[in-house]
Amino acid sequence: MTHSGKRAIVTGAAGGIGLGIASRLAREGASVALCDLNERKAAEEAGQLQKEGLDVFALVVDVSKIDEIRKMTEQAIERFGGLDILVNNAGILDSSSILDMTEETWDRVLTVNLKSVFFACQAAIPYLKKSDSARIVNVSSLAGRMGGYETGLSYSASKGGILSLTMGMARQLAPFRITVNALCPGTTESDIIRQWSTGQIESLKAKIPLGRLGSIADMAAAVAFLTGDEAGFITGLFLDVNGGMYMG
Ligand SMILES: NC(=O)c1ccc[n+]([C@@H]2O[C@H](COP(=O)([O-])OP(=O)(O)OC[C@H]3O[C@@H](n4cnc5c(N)ncnc54)[C@H](O)[C@@H]3O)[C@@H](O)[C@H]2O)c1
């Protein structure tokens, strides 16, 4: 197993891509904290994985609140005794048009999607510095790479911000041998895209040269690679997993 003995925090892990990542890392041998706002679903999913004999547990967190991020980190450290991997995956989608965008929506999306990533890294860094194979993966988006097709600009800006943050963190944390990379999923089959109509999804699908939406397993495999030992010399990378929808 590629991740034996590693200790990981995955945010937004009660469903979708986050649950896929958390399950994959746990099946590769990692101990994983499934951190999410949805307490009931995180507990249910952690329970299912525990039945498989995996070392996971659920933590409730609202990543828009810095004190809760710090508490999440401390609780994971208390349980695992250290930390090797932080996956900042929690995020919300907004599809407002430019003229319909409100300040409230803008602030909410930027807080949940971007500010949370910075403060989760800040809380984790003192522990990651003690790890032999420290990894941060920030989940951005195709929208962060090229502005988005159906996404609102609050979302695109939050995901673009993650990319700048990833490069800056990668540079500043390299002396501590902490790698920092971004996963940029294209349109992926999860609950988040349910706010779009079938027509919108078909139009997005038509833009994917490989002819299908991304799967949760596609995203989990990419994160398993970035957090594994073989990716130790990769930092500051934007890994596009999008079927060719955007080639940058
Ligand atoms: N699905 C896609 O097409 C797609 C494409 C590009 C990027 N992404 C990104 O991938 C990540 C995961 O998305 P997904 O598709 O699995 O979405 P999802 O809606 O299925 O899952 C998101 C999870 O995050 C949790 N969450 C939301 N707000 C939170 C908060 N404040 N605190 C803690 N947890 C919170 C939710 O409860 C949920 O479990 C997001 O950052 C999203 O922007 C998704």
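Student: Which residue in β7 is the bridge partner of Leu 183?
Tutor: Quick heads-up: this is a predicted model, where local features need pLDDT of at least 70, side-chain atom pairs count only at pLDDT 80 or more, and totals for chains, interfaces and linings use all residues. Residues are numbered from 1 along each chain as its sequence is written. Now, β6 (residues 178–185) runs parallel to β7, and four bridges join them. In β7, Leu 183 has as its bridge partner Leu 239.

Student: What is the strand order in the open sheet?
Tutor: Helices (H or I, at least four residues) and strands (E, at least two) are DSSP runs numbered from the N terminus, and two strands pair if DSSP finds at least two bridges between them. Seven strands join up with parallel pairing, in the order β3-β2-β1-β4-β5-β6-β7.

Student: Are the residues of β4 buried or exposed?
Tutor: A residue is buried with 20 or more other C-beta atoms within 10 Å of its own, exposed with 12 or fewer, and partly exposed in between, with C-beta atoms placed from the backbone. On one side of β4 (residues 85–88) sit Ile 85 and Val 87, and on the other Leu 86 and Asn 88. Both faces are covered, and these four residues are all buried.

Student: Which residue in β5 is the bridge partner of Asn 88?
Tutor: β4 pairs in the parallel sense with β5 (residues 134–139), over four bridges. Within β5, the bridge partner of Asn 88 is Asn 138.

Student: What is phi of Arg 177 near?
Tutor: Most residues other than glycine have a negative phi. Arg 177, in the loop between α6 (153–173) and β6, has a positive phi, near 60°.

Student: Why does Arg 177 count as partly exposed?
Tutor: Count the C-beta atoms around Arg 177 inside 10 Å. It counts as partly exposed because its number of C-beta neighbours is 14.
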